[in-house]
Amino acid sequence: DFLEDLWHRVQALSSNGWKLDSVPRPHLSFEAQLVSGKSHEFGPISCPEQPDVPTAVSGITHGKQKHDAELKYPQRIRRLNIFPASKSEVDMQPIDRFILEEYLLDVLLFFNGCRKECAFYMVNLPVPFRYEYLMAETIFSQLLLLPQPPFKPIYYTLVIMDLCKALPGAFPAVVAGAVRALFEKIADLDMECRIRFILWFSHHLSNFQFIWPWEEWAYVLDLPEWAPQRVFVQEVLEREVRLSYWDKVKQSIENAPALEELLPPKGGPNFKYSMEDGRERSEEHALSAELTNKVKGRQTAREIIVWVEESVYPIHGLGVTIKVVVQTLLDIGSKSFTHLITVLERYGQVISKICPDHDKQLMLIDEVSLFWKNNTQNAAIAIDRMMGYRLISNLAIVRWVFSPENIDQFHASDRPWEVLRNAVSKTYNRICDLRKEIISLKKGVTLAEEAAAKAKAELEAAESKLSLVDGEPVLGGNPARLSRLKLHAEKAKNEEISAKESLEAKEALFARAVEENEALYLSLYRNFSNVLMERLPDASRAGTLQDLKSTHADAMAVDLEEPSAMELDNEDGRPKKSQSNGGSSGNVYNIGEKEQWCLSTLGYVKAFSRQYASEIWPHMEKLDAEVLSEDTHPLFRRAVYSGLRRPIN
């Protein structure tokens, strides 16, 4: 426990006479003046009265209140014990660890956005001992903090890079040691932490010429395709290819050439109607060539829709129509991201016309995935952009992710999860943006109402004022001024009406977005529940993950209902009941494929629940009624509840 550990260290400091070298004492230079100076007494301190605790609170209400409180008052650090204390706390007093962590966290906080200054002050802290190991632990603790780090992950990436350059003789070796330690315990890491670790490591290597002793990890090829360490190496290499190019990454693993097997496929688009490979020219090839010529001839989307409706769909049917149109437009937009955006902006209506519902959008996503089967990044980008242009719905993406061919990859590839993360994230961002716009519009409405009321009051005051015209008293004052005030009042009133109409329109969009959000999470968790019910063993045989893991091994990853020891404080600095490679002995992985599939999928359930808890809690009653019923497998319910930090009982 964090407080318990802190208290023990404070007691050790007390028994040592409060002697401490890691805290500067600038007051010592003024001790004589302070001793002889005037004393001041503090007045009484009054605390606000505590509100009465409600007598009965439902589990959902209590969970929502707890979630809101954790968002408002987040824990500053959750210690990640990567190194043994003999390394991270050498030559320190017990309390020095807490003091140094506070120094480092303060520097990260106050120099956020100033990476070089941040690194400079981190390596020049006013302490008399070395602290590279503790500095690395603290930074990685922040980078992997759940549910999300205090700052964008790229900030920590840049700080680590600058620290490696500032301390070239010490810090790179410490970072390498941290990577090796985390890699050894990769099966213990939460799925969200694994993804962040993969993204950070691949980016870090790309800034240091992709240099890494890959031969140390060549043994992963002897592990099953679903082993977490093998999947980690595979995903890091795939991300490196995104940041560079295939031949460069292949060259970087020349000390372990066998790892080429884990590289993604080399090649560009898989255009079905290409004539370059000598394929036999079919009628579909002719249609594709005709569509290409129409696009190059700058025909409008409406003209192409008419061509499709008259010359393609009636003769060749829906399947061929979708293949020809999607494959051809993707090929035209395959040269660059800008080309893709241009094609979707100009001819997105064509795709929208032939794929108006979820079933057809499912076929559309299949074609995108087939076209970019050799490039995971471009497939994810194309699907994401199509969702942005409302050509694909988030529900269609969920259905595609949970199609049989993708379900089989859940434990061995990040490809389907990346597409799903993008879809859920985009939906989440839409709602967040609408909330911000509504808040802004409400402020605008308030200002418009005040301006209209003020203009009306000025007009009424002017109209009620008596003035002399040709020696006679006249009600209304100066006609020119009255006319001007009337115009001003009318303009202010129109602006008020316009602001209210804009707010009403935005609130209608928000209400629709909330409904879409609810449908998305219901669909997502319903699909999770269905696929897990098919594969998880009977609840009587596997009521906890430990029961599931014991089918093939004594231990693997940490139980989902318990915080991962790699995330939290632990007295000996090691995850309990965990072995290298998550339950492997030597280069043999002891978890079966089915069990690993269940563990990985449950891990993603927990990660999604935690990441989007703010949007899930408002729909909790409906989720409980329609998905998390008594028939639900207890492991699935535990994963959801654990992600939401909701009490299981």
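Trainee: Which residues does Ile99 touch, leaving out those up to four places away in sequence?

Mentor: Ile99 touches Leu20, Ser22 and Val23. Keep in mind that we're looking at a predicted model.

Trainee: And where is Ile99 in the fold?

Mentor: Look in helix H5, which covers residues 96-110.

Trainee: How far apart are Ile99 and Val23, in sequence and in space?

Mentor: In sequence they're 76 residues apart, while their C-alpha atoms are 7.8 Å apart in space.

Trainee: Is Ile99 buried or exposed?

Mentor: Ile99 is buried, because its relative accessible area is 14% and the cut-off for buried is under 20%.

Trainee: OK, zooming out. How many helices and strands does the protein have?

Mentor: There are 26 helices and 4 strands.

Trainee: What share of the residues is buried?

Mentor: Out of 649 residues, 47% are buried. As for the surface, the protein exposes about 33,500 Å², and carbon and sulfur atoms supply 53% of that area.

Trainee: Let's switch to charges. How many salt bridges are there?

Mentor: The structure holds 42 salt bridges. One of them joins the side chains of Glu418 and Arg242, at 2.7 Å from N to O.

Trainee: Where do those two partners, Glu418 and Arg242, sit?

Mentor: Glu418 is in helix H20 (residues 415-463) and Arg242 is in helix H11. The pair links distant parts of the chain, 176 residues apart.

Trainee: Are Glu418 and Arg242 buried or exposed?

Mentor: Both Glu418 and Arg242 are buried.

Trainee: What does Asp384 pair with?

Mentor: Asp384 forms a salt bridge with Lys426, and their closest N and O atoms are 3.7 Å apart. Asp384 lies in helix H17 and Lys426 in helix H20, so this pair ties together parts 42 residues apart in sequence.

Trainee: Why do Asp384 and Lys426 count as buried?

Mentor: Asp384 has a relative accessible area of 18%, and Lys426 comes in at 16%. Both count as buried because the cut-off is under 20%.

Trainee: How about Arg535 and Glu534, how far apart are their closest N and O atoms?

Mentor: They're 3.2 Å apart, and the two residues form a salt bridge. Arg535 is partly exposed, with a relative accessible area of 22%, whereas Glu534 counts as exposed at 58%.

Trainee: Which residues are linked in a network of salt bridges?

Mentor: That network links Asp5, Arg9, Arg79, Glu89, Arg97, Glu101 and Glu137.

Trainee: And where does negative charge gather on the surface?

Mentor: There's a patch made up of Glu225, Asp366, Glu405, Asp408 and Glu593. Glu225 is in the loop between helix H10 (191-206) and helix H11 (228-243).

Trainee: Why does Glu225 count as exposed?

Mentor: Its relative accessibility is 54%, and exposed means over 50%.

Trainee: New topic: backbone. Which residues have a positive phi although they aren't glycine?

Mentor: Trp18 is one, with a phi of about 60 degrees, and Arg390 also has a positive phi of about 60 degrees.

Trainee: Where do I find Trp18 and Arg390?

Mentor: Trp18 is in the loop between helix H1 (2-15) and helix H2 (31-36). Arg390 is in the loop between helix H17 (376-388) and helix H18 (394-401). Arg390 is also partly exposed, with a relative accessible area of 48%.

Trainee: Which peptide bond is cis, with omega near 5 degrees?

Mentor: That's the bond from Leu146 to Pro147. Pro147 is in the loop between helix H7 (132-143) and helix H8 (153-166).

Trainee: Last one, Ser600. Where is it, and is it buried or exposed?

Mentor: Ser600 lies in helix H23, residues 593-611. Ser600 is buried, with a relative accessible area of 4%. Leaving aside neighbours within four places in sequence, Ser600 is in contact with Met191, Phe410 and His411.

Methods
Residues are numbered from 1 along each chain as its sequence is written. This is a predicted model: local features need pLDDT of at least 70, side-chain atom pairs count only at pLDDT 80 or more; totals for chains, interfaces and linings use all residues. Side-chain values use heavy atoms; hydrogens and water are left out. Patches are made of residues with over 30% relative accessible area and no salt bridge: like charges are joined within 9 Å, nonpolar side chains (Val, Leu, Ile, Met, Phe, Trp, Tyr) within 5 Å. Accessible areas come from the Shrake-Rupley method with a 1.4 Å probe; for residues, only the protein chains shown count as cover. A salt bridge is a side-chain nitrogen of Lys or Arg within 4 Å of a carboxyl oxygen of Asp or Glu. Lys and Arg count as positive and Asp and Glu as negative; His and the chain ends are not counted. The place of a charge is taken as NZ of Lys, CZ of Arg, CG of Asp or CD of Glu. Helices (H or I, at least four residues) and strands (E, at least two) are DSSP runs, numbered from the N terminus. Buried means under 20% relative accessible area, exposed over 50%, partly exposed in between (1.4 Å probe, protein chains only). Contact means heavy atoms within 4.5 Å.
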